[in-house]
Amino acid sequence: MNIILLIIKILIAVTVIILNYKGTTQIKAYHIEQFKKLKTNFIPLLHNIMMENTPYHKFKPQYNETYLNMIEEPSYCEESDIYKLLHPDILKDRYVLRDLEYKNLQREIIKKKAFDAIQGIQLLSKPSIKYQFRIPKQLTYFYTFRPRLYDNYHFGTGLGCLFQKFNHIPGMNVLTGKNALMSQSKKYIGSMTKQNLSKECISGASFLPLSYRLNNREECQDFFAELLPLSDGPEFLLKTDEHRGEGITLLFQKQIENLTLTYDFGAKCGEIKDKVIAQKYITNPYLYKGHKIEFRIYVYFASSNPLQLYMYRRALIKRCASSFNLTSEEISSHICNTAVTEKKLQNDTTEHSDEEMFIDWNLEGLEQLLKEQGRVKQDFDWLNQYMLPRIATKIIHTIRSGQLNFVRDSRFSEFIAIDFLLDDNLDIWLLEFNYNPQILSVTEDRIARNYKMIDDLLEIAFKFVQSKFNRVKHFIENELLKQNYSGNRIRQTDFNKKYRSKFEQLLEDKLDIPLSKNNLFIHIIDEQLSTSEMYFNFIPDECL
């Protein structure tokens, strides 16, 4: 009896093995058949359409000079996109390449929240081993410190594939450079004036303090005509395009004298081409325990085609290291930048806790503080009905001022930090845009909140890629692969006539997969919608 049972078990096992082998062989054969169809016909044709829409004239090719030592393979995108179509679950694994600085917390967060596609990759001034790394086919998100990495590769073939995101938008420098931001603001307000929009609309769109470009002859002369001897603290400060607290000079009496000598009391306006901004200094900032504070809002451009912008609800509040004194020439009394604060603490023998110097509450905490001080009524939802709408409105107007310079492509995205100042009248002023924002490990609470923020950002990025992937995959399976083609290659012109328009619509980014309910990013621009709806009613129709 035992022998009979054993024989039966063996026969069942052999049958299962044979069936599995046949099933595996059939799956393998199916994959091979699909691979051939995709590689010989459809993916090259779709890539050609995608690349025809890529504005290569805006790139500055320096091929094979990347400092990341990554091999450029002409067939990389073709292989990567086909691989993902045949293995669709790979997108769920969050393959990310990140080359951020070691002290940037984002580097560690991405390592824990996603799959580190090329471990050990780092910034190099010169490659130590030429072409050390191969870019994995699974890679979905290039999260790189270098904003123009696309100049080092043939975008669309060696990098920037159909199912990939790159975390910088070409043209974003018109907002991240202080001089360029000022220029865009002037043009934007000028355009609104020519449209005869109301004073209320123009006032709402004015997102910067009064500013003058000193490399512009007329503005420079206007500035020196207004510049007066110092009476009770600086009325202006100078800004260059440097970041992290560098390039800012408050105009005390000595600085005024030096500046007037340099520009010969305005006579040399138009001759000096240095990109310097003279900006009205906000002399009445809101103070927390006698210290000036600034707050940083993080925004995520999920796509530039169409523009999809998200604003993070939780702000980073920065306290200046020194107590505010309008007449003090101590830079840490006026500038709340983290780099300035850290430099001050290095030279200060007084002990300060991280919690004391790096405030760990959000705008909700600011609202509560204002209510305790009697500045805001207890029953008024100040944050949601006043503060956040004003912040969103200023951000949207700022983006609108520069978005015509963005390269429109659903493969591009960008993570930006925007600094604001709250004055004692509870009005807000936009100070600057920061690309590649540093995320630092200064307190335990802030580390936890930053983990949440980057995780929320990655969710948005990958769900946009997944949404596009699903649309393209459905199109390929339900339209292209069902066509009865001969063995001959399909001509691009014939393919374009039939499918180009539809495929271009599929490339336009839209979120088909809902975000998790606890994602703290707020959608504030969706260009797929019409009129004021695309700005979620933050800007009324009459101001557009």
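A: Let me start with a term: a residue is called buried when its relative accessible area is under 20%, exposed when that value is over 50%, and partly exposed in between, using a 1.4 Å probe and protein chains only. With that in hand, F475 and Y499 are both buried. Please keep in mind that this is a predicted model, in which local features need pLDDT of at least 70 and side-chain atom pairs count only at pLDDT 80 or more, while totals for chains, interfaces and linings use all residues. Residues are numbered from 1 along each chain as its sequence is written, and side-chain values use heavy atoms, leaving out hydrogens and water.

Q: OK, and how much of the protein is buried?
A: Of the 544 residues in the protein, 53% are buried.

Q: How many helices and strands are there?
A: The protein has 14 helices and 15 strands, where helices (H or I, at least four residues) and strands (E, at least two) are DSSP runs numbered from the N terminus.

Q: Now the rings: how many aromatic pairs does the structure hold?
A: There are 22 aromatic pairs, and rings of Phe, Tyr and Trp (its six-membered ring) count as a pair if their centres lie within 6.5 Å, with planes under 30 degrees apart called stacked, over 60 edge-to-face and the rest tilted. F295 and F420 form a stacked pair, at 5.6 Å centre to centre with 15 degrees between the planes.

Q: Where do F295 and F420 lie?
A: F295 is in strand β10 (residues 291–304) and F420 is in strand β13, so the pair ties together parts that are 125 residues apart in sequence. Both F295 and F420 are buried.

Q: And what about F475 and Y499?
A: F475 and Y499 make an edge-to-face pair, with 5.7 Å between centres and 75 degrees between the planes. This pair links distant parts of the chain, since F475 sits in helix α13 and Y499 in helix α14, 24 residues apart.

Q: Switching topic, where is D509 found, and is D509 buried or exposed?
A: D509 is in the loop between α14 (492–507) and β15 (521–526), and D509 is buried, with a relative accessible area of 0%.

Q: Which side chains does the D509 side chain make polar contacts with?
A: The D509 side chain makes one with the side chain of K165 (2.7 Å) and one with the side chain of S303 (3.1 Å). A polar contact is a pair of N or O atoms within 3.5 Å; within protein, one must be able to donate a hydrogen and the other to accept it, and residues adjacent in sequence count only if both atoms are side-chain atoms.
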